[in-house]
Amino acid sequence: MIQHRSHIYGVIGEFESPEQLVHAAAKIREEGYRYYECYTPFPLEGLPEAMGMRRNMVPLITLIGGLVGGLGGFGFQYWVNVISYPMNIAGRPLNSWPAFIPVTFELTILCASLSAVFGMLALNGLPQPHHPIFNAPRFSHASSDRFFVCIQARDKKFHLEATARFLQGLSAHHVSEVQDD
Amino acid sequence: MSASQPPIDSPEIRRLTPVLAPGHTYSSVTDKISAIVLTRPISLGWLIGFVLAFSVFGVLNIAIGWLITKGVGIWGINIPIGWGFAIVNFVWWIGIGHAGTLISAILFLLNQKWRTSINRFAEAMTLFAVACAGIFPLIHTGRPWYAFWMFPYPSVMGIWPQFRSPLIWDVFAVSTYGTVSLLFWFVGLIPDLATLRDRSTTKLKQIIYGMLALGWRGSARHWHRYQSAYLLLAGLATPLVLSVHTVVSFDFSVAIVPGWHTTIFPPYFVAGAIYSGFAMVITIAIPLRKAYGLEDFITMRHLDNMAKVMLATGLIVAYGYFFEFFMSLYSGNKFDVFLVHQRLHGPYSPFYYALILCNILIPQLLWFQSIRNNVIVLFLMSIVVNVGMWLERFVIVVISLTRDFMPSAWGRYSPTVWDWATFIGTMGMFVMLIFLFVRVLPAISIAEMRELVAETSEEHK
Amino acid sequence: MDDMSENEFMHGRKHDHEEHEDSSRVEDHSEECAPDPTVHEHKLDLAAVRAKLRNHGGKQYWRTLEELSDNPHFEELLHREFPRQASEWDESVDRRDFLKLAAASLAFAGIAGCGNKPEQLIVPYVKQPDGLVLGKPRFYATAMPFGADAIGVLVESHEGRPTHVAGNPDHPSSLGSTDAITQASVLNLYDPDRAQTVTNAGEIRTWQQFLDAAAAAVSRSKTVAGASLRILTGTITSPTLAAQIQSVLKLVPGSKWHQWEPAGSDGPREGARLAFGRYVDTVYRPEKADVILSLDSDFLASGPGHIRYMKEYYRRRKLTSPSDTMNRLYVVEPTPSVTGATADHRLPLRASEVEQFARALAAKLGLGGSGTLEGAAQKWLDAAAADLQKHRGASLVVAGEFQPAEVHAIAHAINASLGNVGTTLNYIDPVEANPVNQLDSFSELCADMDAGKVDTLLIFGSNPVYDAPHNFDFVSKLTALKKSADPNKQERKVGTTIYLSTHFDETAEYCDWHIPESHFLETWGDARAFDGTVSVIQPLIAPLYRTHSAFEVLAAFTDKPGVTAYDAVRDRLKAAGTGDQEKFWRKTLNDGIVANSAYPPISAALKFNPASLPPAKTPSAGQIEFIFRPDSNVYDGRYANNGWLQELARPVTKLVWDNAALVSPKTAENLQLAQRAAARGGEHGQIITNVIDISLSNSQVTAASWIVPGQADGVVVLPLGYGRKNAGFTGSNKGFNAYMVRTSGALWMASAGSDIIKKTGEDYPLACTQYHFQMESRRKILSAGTLEEYRKNPSFAHEGDEQPSKDISLYKEFAYPGYAWGMAIDLNSCNGCNACVIACQSENNIPVVGKDQVMRGREMHWIRIDRYYKVETETGDPGGPDYDALANPETFFQPVPCQQCENAPCEQVCPVGATAHSAEGLNDMVYNRCIGTRYCSNNCPYKVRRFNFLRFQDWETPSLKLIRNPEVTVRSRGVMEKCTYCVQRINNVRIEAEKQNRPIADGEIVTACESACPSEAIVFGNANDKTSRVSKLKAQTRNYAILGELNTRPRTTYQAAVRNPNPELEKA
Amino acid sequence: MAQIFHRSTNFISRFSLFSAVFVAGLALTAILGLARSPYSTNQNISRAQPVQFSHKHHVGDDGIDCRYCHTGVETSAVAGIPPTKTCMNCHSVLYADAPYLEPIRDSYRTDKSIEWVKVHRLPDFVYFNHSIHVNKGVGCSTCHGSINQMPLVFQASPLLMEWCLDCHRNPEKALRPLEPVNEVFNMDWKAPDNQAEIGKQFAAERHIRSTAELTSCSTCHR
C-alpha cells in the first residue's frame, strides 16, 4: 500500500448540495489539510473564504496591461505625428492630442482585456486538458449537478484510509481514491 | 412543470413571473440546455432556414466579387453623396451589436438576474453583428486591397495612418470591440464547454469540446480567479461599448456637413444603438424560445424587461430627434435651419416621417402591459424598430449629404441593385451564423443557470 | 512622312519618339503588376499589334500602323477595339474586369510588392533631333483655322506628342488666350475613330490610285464637253489653299468653286453689300467703346475674333478702386448667350423682333425710317439710344451673325452716324479668300448637279449630306441617275465624287472616293485671322495615319501633284518677306504670324438709308418662332466626336452629351412642358424632360425640351450639330438633328403655329451638371453688386460678413515663410465661356466618363463653372412655376476649382493622409496613397473633389495614350482627384528658379485655367509677395472667400462681380 | 470518468498557444523585411543588354564624363539614354568592325532604335528630377553607386520612399563641393570627416529648401 502512494493523486468525496461542500471545505481546513481542492459546477459563495483563499493577482495584471496600452498608444501617436513624419494636416498642430484620445482609450481597453483573460488562464495553468482528477469515476457530475472535494496525496497529513474515513465522516458519498497514472 | 401551478402567463401572476420557472434542478437545466446541442437531431425547420440563409450569404459574396471587379461605381453613390448604403449598414449593424455587450456587461455589473438566460446568445449576436458591420468599412473603399494602410505598421513608404481621422478611430474602436466581445463570450463559454465535454457521447465531440474547454475542471481556485477576470471584463466592456458608438458618431459629428456636425450625436447614437440592439435581441429570442421550448428560461419577465428597455431608450432617441431640431432652429445657423426644412419638406421627407413613425410613435404602445406581454405583437414591434433605426441612419448619412453648402453641387442618391444585394447579403450571413451557433454551442449559459437555480431555491425557502 | 528630311526638324516637325520614362504615368501598383502579361493571353491579336507597335521606334511606329491598316483584318480589329474604348466610358462587362479582379486579388494577397515587375524597355533615338532635351516639353506656334478666322496657338509637345494647346500672345485673334473648342482641338488629332486610309466605294485604295483617278477626271473634263469639275468647300481664308484652288480652276475648263458653311455668315456679308455695295469685314475695338449694344450678337463667345473681343471688352471692366470706370453692355437677344447673360442690360426679344428693334433704334437716332416697340421695350430702347448718343465715337453697335442683312446694314448706318467708324470699329477687305453668298453658291451647285452638268465633284471642309438644308435633299443629288443610251446600264448624273474629311462620315457614305483628312497639327498651311493677319500652320507631328491635306488633294488636279504644302507655304511666305528671306521665314515660324500682314482699315462709303428699307414683315403674334443656332460646344456638328466638348457643360443650360429644344418658362407652361430632377443623380446629373415632336417645313424632328430662364417667350431654339448618324463612337446618335427641319428659305428663323409642337408623352433623361440655380440666400457664395453700390460702399461684398478673425482658433496658425500660392478669380470678368474647363482637362489628364456616369453625378472636371440666377423662386428649379421671376433673370457665373483651404476639412478626415498640406500651402492630393474612402469629398464644403468611381481612364487605346500629359499622374479606379493649382507647373518653374538660385518671379507660373482665360479673370501667384498681382487683387475690398464663415481659409478668393446698369433704366 | 486527453496534450496545447502568437509576429517581421530586401527592390541585379555596354570600361578605364552620354542630367528631369549617334561618334573609328558592336552599327544603318533594358525604375507616380539634384550638388554615385566599377549596371540603392525621405530630411550629408572642382560627377568621392558642417554650409549657400518643404507630398507626387 505504501509503495502505491506515488500512484495515488488523492481521495475524492462527493456532496449533494453547495452548503455541505462549503461546510466540508471549512472542516477539512480546520483538520489541518492544506493540499485539497473543491470542484463545483458553478462558483459557490463563501467557498473561497472557507478554503482560506486570498485576493488573486488578476486585477493587478489587468491594471498593468491597461497602463501599458494607454501610455504606449498615446506615445506612439505622438511619435508618428511629431517626430517620425510631421505633416501639416488641415492646419492642425502636430500634437493634436485631443484627436489622439479615442485611439489611446481603445488601446487601453484592448490591452487590459487581453491581459485579464490570459492572465487568468495563465494563473489557472490552463490549458490543461489532462488532469488526474478526471480519473475520478463520477467526476463528470462536477460539471453538472454534484460538488466534489479532493484531498491530495502530497499533503503530509494524507493517509489513504484515515483521509477516506475523515471524508465519509463529513457525510460525503462515493468516497474513492483517485489514481495518478 | 407540475400541473399544480397556474399557467405561466395568466394575468394574476404575470407581475410575479420569475426569471426562471420554478421546479428546475441543477441537472434539469443542464440536461435541457445541453440536449439542444448534444442529443437533439437536426430538425427540418433548422435545415431549411440554414440553407435559405446560406444562399442569401452567397448573394453577398457575389456582390462583393463584382464590387472588387468593377469598383464602388456599381453602387448608387456619387458626388456629393460619397457615402450610401455601405456606411448606413455599417452603423446599423454596429448599433445592433451593442445590446449584447450591454446585457452581458452592464446588467452583470448591476447584478440583474434576468440577464442570465439571454446574455449568451445576445453576445453571440453582438459578435455576428460586428462581423457584418466590419465588412462595410473595408469594401466601401475604392481600393480595398490597400485598406491595410489604415493599420499602423512600419511601411517602406515611411508614412503612417492619419490619427486625426475618425475613420482611424473606427478601425481601432471596432477591432477592439470585436476582440473584447469575443474574449468575453469565450470566457463565459469555458465552463459550459466543459459541461458539453463531459456529457458528449462521441469521441469526436469530446475532443473538440475538450480542446475548447482548455481542461476546465471547475476547481474552486480557478472559479475564484475566473470570477474576478469576468468581473473585470464586464467593467472594461462597459465603457468600451459606450465608446464604440461614440466613435462611430464621431465619423459624422467631427465632419462639418450640416446634419452631421452636432454635439448631441454621441449620447443619442449610443441610445439608438441599444434601442435597435434590444429590438434585435427580441427578434431573435422570441423564435428561439418557441423553437427549442425554452419558455421556462426565457420567460415573459425577460421579454417584458427588454420591452421596457426599448421603451426607455426609444424615448431617449426621441429626445435626441427633438433636440437636433431645437438646436438647429435655436442656433439660427442658416445651414442647420435649412436642413430641418429639408427633412420636413425636401425630396426625402417621406423617409423622415417613416422614421418618426417607426422609432417614436409605434413604440409608445409599449406603455401597455398587454402589448408588452403579447409575444406576436412584441415580435412585430421589434422588427418595426429595426427598420426605423435603419431609416434613421439613412436620414443622417445620405440626406445630409444631398444638400449641403453649395446649392450648385446638390444631388440625389438612389441605391442600385448591388447596394441592396450587399445589404441583404449581410442579413443572410447574420442569420446563418445564428443558426450555426444554436446548433453547436449552448444558447443559454448553463453554469449561470445553475447559479440561478441555487439562488431561486434559496428564495423559495 | 518618309520624305521628312533632317532640316525639317528645325521647323518643328518631328517623329513621335517617346522615351518610356516619359510615357503617361500609371499610378496604381495593382494596375502595374498583374494585367500586362494576361493581356496577351486574352487579346492575342491586338496584343500582337501592340507588341509590334512597341518594337518600332520613331518613324517606324507610324508607318507600321499604316502598313497594318492596309490589311482589312486590322481595320476590323481597329473598329472592334477602338470605338469600344474611345473616349466615352462603357459600362458593359469585359475581360479587363477580370484582369482587374486578378490584380485586385493579387494585391489582396499582399503579393503586390511588385517585386518582379515586367521588364521595361528604353527606346532612345537613333539620331536625336537638334535642340530636343529629353523630358523637356517644347512649344511651337501654329494656328487653328476656324471659319473666317484663324486662332493662333502655342502647342506643347512632349517628345513629339502634341499634348496641350495654349494661346499665342503674339497672335491678334488670341493674345495668349484660347477658347474651349481650340483647347479641345488636340483631342481630335488622337481621335481613334479618324478615317485612316484612302477608300473607294469602301475598298481600301492607295494614294497613287487616287492620283490616277484625279488625273482621269481632269483629262475627261478636257475632252468631254460640259463635263466639269466642281469644288465644294467651307469658308476658306488660307491664301495658299485659295491660290491652289484658283490654279485648279484655271487648269480645268468649266470648273467652278462653290462654298457652303452651315453656320456661315451670309447675313454680315450681304449686310455689308447692302450698306456699302461691296463685301467688307468689320473689326471691332471693344477696348475703345464705353457703351456697346449687341443686336443678338454673341461677339464675346463666337464668331471671328471673339477671343480678342473678350479680352478687350473685359479690360474695360477691371476694377482696382471704386473710382475706376467701366464700359456698359446692352444686349437684345432671343435666347441667353454668354454675351447676353452677363450684360449690364439684357432685353429678351424674339429673333424677328430684333430687326424691329434695330429699325426703331435707327428711327430714334434720327436715321430715318420709323418704328416703335411696346411699353417696357421702348423705354429700354430710349435709354440705350440716349446712352449711345451720349458716347458718340465711344459707342459700338454689333449685329449678330445670324441676323438678316437688314439688321447689319442698320448697324453699319448707326455706327456711322455715331461716328464710331475708325474708333470703335474698322472696315477691312474681306478676310475670306473668296467671299460669296454661300447659300446662292450652294444652290447653284445643286441645280447644276440636277442638270447633270457636274462630272467630278470634290468636297472638303463641309459635310453637306448632314448639314445641307433638307429641302435640297443633297443625298438624292449625289445618287440621282440619268437616262443613258443603253437602258440596262445605269449611270449617275454626277460622275465621280471625291470627299476629303477626317472621319468616314455621313457624306463619305455617298461619295466614291474618301480621302482621310489630316489634322491641322499634322499639316503645313496658312490662314488669315479675323483682321487679315496671315498665320502659319506648322505640323507638330507627322500624320498619324495615311491622311492628306486639302492642298495635297487639290494638287492631284494640277499639273504638278508633287508639290508639298510645305514648299508652297514656304515659298509664298518667303516671297512676302523683306530682307533676309531665310531669317524672315524662321521668325515667321517662331511667331506663328507674318509680321504686320493685317489688312489696313479701308474707308467704306455708306450707300444706305434705313428709311429706304421695305417695311419688315412682322410674324403674326401667337406664332412660335424657331431659331437655329450652332451649338456652343460641337459648333455645326464638326466636333461631335470630341469627348471633351461633349462632356463640357453648356455655359447657360449646363447640359452635356445632348442638345435640346430650348423654351422659356412661360412658353413651357403654354405647351405644358415639364421637367423634374431624377431620383438618381438629381439636380447634379439627371433631369427628366418631356419629348416633343416638331413638324416644321414639311419635315419632322423629335427633340427633348429644356426650359431656359431669360429666353424670349414664344421662341424655340433648335441647336445645330447633333443627331449625327456617322460621327464616330462618341458623337453618333446623340441628341436630335435640327438640320432635319432647316430649309434654305429659313436658315436661321422659321415661325409657325404652336400646334406643330406635339408632346409625344414620352420622357427623356438629360444630363445636366447643375440644375438648381439659387443661392438659397447664402450670400457668401457669390457676391455681386452694381457700380453705384460699389462706389457708395466699397466693401459691399462683406455685408453681414461672418468671417471669423484669425485669432479665434485655439490652435496656432501654421506659418508659410516661403511661397504661399494663391489664386484670385474676378467674378466681374467671368462670363462662363468654359475655356478654363477644357484647358484643365487637357493639362491634367482628366477622363471623360460618358452620359450615363454624368447622369449619376460623377463627372470629373476639376474646375466647374457654377451658374446662378439672382432671383428668389419657390423651387429654385427652372421647371418650377415662377415664370415672371425667370423671365429675364440677372445671371452670374462662378468658376470653382479646389479652394486650397489652409484649414482644409478634407485633410483632417483622410485616414491615410493621402491629402495633406504642402509647406507652400497647397492642398496636396497624393493619388497613389488614396484608398478611396470618399470621406474627404463628403467633408468638402465646396464639393470640388472628384472620384474615380469606376475605371474611367482608357488604358488601351494607343492613340489616346499619346495625348496624356506625362507631367501628371494618370489616376486609376477608386482614387480621389482634384485641382492642385497645376502643381506640376509650379514644380517645374521652381526647379528652374532654384537651379539659378533666384526667387520665382510673379507671373512666371501660369496655371492652365489662367492661361486659357480670355477675360483674364483668373490670376495665380504668391500671396506672400505683396507686390504680386494676386496679392493686389486679394487686397481689394471686393475680395471675399466662399463660405468664409466656415473658417476654412481658402487660398482661392473671389472679387465680387460689379455690374454697370444705366441709372435711367434702374429707376424704371 | 475516463481521461479524454493524454498527459502530453497539456504541453502540446500550451506550446501551440505560445507558438501561434510567436509565429504570427515572426511572419509580420518577415513580410516587412522582405519588402525591404533586394528581392522586392530589384537591387544588385545586372540586366543583360542588347549590347553588353560596360560602364566600368567607359567610365572607370576611359574616364568618360557621365554628361558625355547622359546629356540631360544637368538640365532635365531625365538624364537621358544616348542616341545611337553618340556611340558611333567613337565607334565609327574605334573597334569599327568589332562583331559585338554590330547591333550599334545595325541600329545606325537601319535607323532602328536599340532597345535597352531599364535598370532604375521608379514607380510612375514618382516625379524625380535629375537636374535639380545635380545642380544642388548631389553626386551621381550617391544614388547610383560606383558605376565606374560596374561592368553591367545594376540598381545600387533600394529606391524606396523611406530611402528618399532619409536624404530629404537631412540633405547636408549628400552635398558635395561644386567648386573649385565639381565633385558631383566624381565616382570615387568620399564624404570628408567634417561633412556634417560643410554640408550645412553648402545647404545654406545653395538655398536647399527646408525639410518641411522637401518632405511635402507634392515635392515628388503630382
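This is a short tour of a predicted model, stop by stop, with something to select at each one.

**Stop 1: a nonpolar patch on chain A**

Start by selecting A:Met57, A:Leu60, A:Leu63, A:Ile64, A:Leu67, A:Val68, A:Leu71 and A:Leu123, and show their side chains. Together they make up a nonpolar patch on the surface, with about 770 Å² of accessible area. Which helix gives the most to this patch? Colour residues 58-84 of chain A: this is helix H3, and 6 residues of the patch come from it. Now pick out A:Ile64, which sits in helix H3 of chain A.

**Stop 2: across chain A**

Stay in chain A and move to helix H1, residues 18-31, where you will find A:His23. A:His23 is partly exposed too, with a relative accessible area of 47%. A:His23 and A:Leu94 lie 64 Å apart in space, and 71 residues separate them in sequence.

**Stop 3: a salt-bridge network in chain A**

Select A:Glu14, A:Glu16, A:Arg138, A:Asp145 and A:Arg146. Salt bridges link these residues into a network. How many salt bridges are there over all chains? A search of the whole structure finds 82, and the next stops visit some individual pairs.

**Stop 4: two pairs in chain B**

Go to chain B and select B:Arg115 and B:Glu448. These two form a salt bridge, and their closest N and O atoms are 3.0 Å apart. B:Arg115 is in the loop between helix H4 (85-109) and helix H5 (116-139), while B:Glu448 is in helix H16 (residues 446-460), so the pair ties together parts of chain B that are 333 residues apart in sequence. Both ends are covered: B:Arg115 is buried at 3% relative accessibility, and B:Glu448 is buried at 14%.

For the second pair, select B:Asp198 and B:Arg197. Their salt bridge has its closest N and O atoms 2.7 Å apart. Here again you are looking at buried residues, with a relative accessible area of 14% for B:Asp198 and 3% for B:Arg197.

**Stop 5: a pair in chain C**

Move on to chain C and select C:Arg1051 and C:Glu902. They form a salt bridge whose closest N and O atoms are 2.7 Å apart. What does this pair tie together? C:Arg1051 lies in the loop between strand E42 (1039-1040) and strand E43 (1052-1055), and C:Glu902 in the loop between strand E35 (891-896) and helix H29 (905-909), so the bridge joins parts of chain C that are 149 residues apart in sequence. C:Arg1051 is buried, with a relative accessible area of 5%, and C:Glu902 is buried at 13%.

**Stop 6: how helices pack**

While you are in chain C, switch to a cartoon view and select helix H14 (residues 351-364) and helix H16 (residues 405-417). Their axes are 9 Å apart and meet at an angle of about 25 degrees, which makes H14(C) roughly parallel to H16(C). The crossing of H14(C) past H16(C) is left-handed.

To finish, return to chain B and select H4(B) together with helix H6, residues 166-199. These two pack at an angle of about 40 degrees, with axes 11 Å apart. H4(B) and H6(B) are therefore oblique to each other, and H4(B) passes H6(B) in a left-handed crossing.

Terms used
Residues are numbered from 1 along each chain as its sequence is written. Chains are lettered from A and ligands numbered from 1 in the order in which they are written. This is a predicted model: local features need pLDDT of at least 70, side-chain atom pairs count only at pLDDT 80 or more; totals for chains, interfaces and linings use all residues. Side-chain values use heavy atoms; hydrogens and water are left out. Patches are made of residues with over 30% relative accessible area and no salt bridge: like charges are joined within 9 Å, nonpolar side chains (Val, Leu, Ile, Met, Phe, Trp, Tyr) within 5 Å. Accessible areas come from the Shrake-Rupley method with a 1.4 Å probe; for residues, only the protein chains shown count as cover. A salt bridge is a side-chain nitrogen of Lys or Arg within 4 Å of a carboxyl oxygen of Asp or Glu. Helices (H or I, at least four residues) and strands (E, at least two) are DSSP runs, numbered from the N terminus. Axes are lines fitted to C-alpha atoms, for helices over the stretch in contact, and angles run from 0 to 180 degrees between N-to-C directions. Angles under 35 degrees count as roughly parallel, over 145 as roughly antiparallel, 65 to 115 as roughly perpendicular and the rest as oblique. A crossing is left-handed if the near helix is turned anticlockwise from the far one by less than a right angle, and right-handed if clockwise. Buried means under 20% relative accessible area, exposed over 50%, partly exposed in between (1.4 Å probe, protein chains only).
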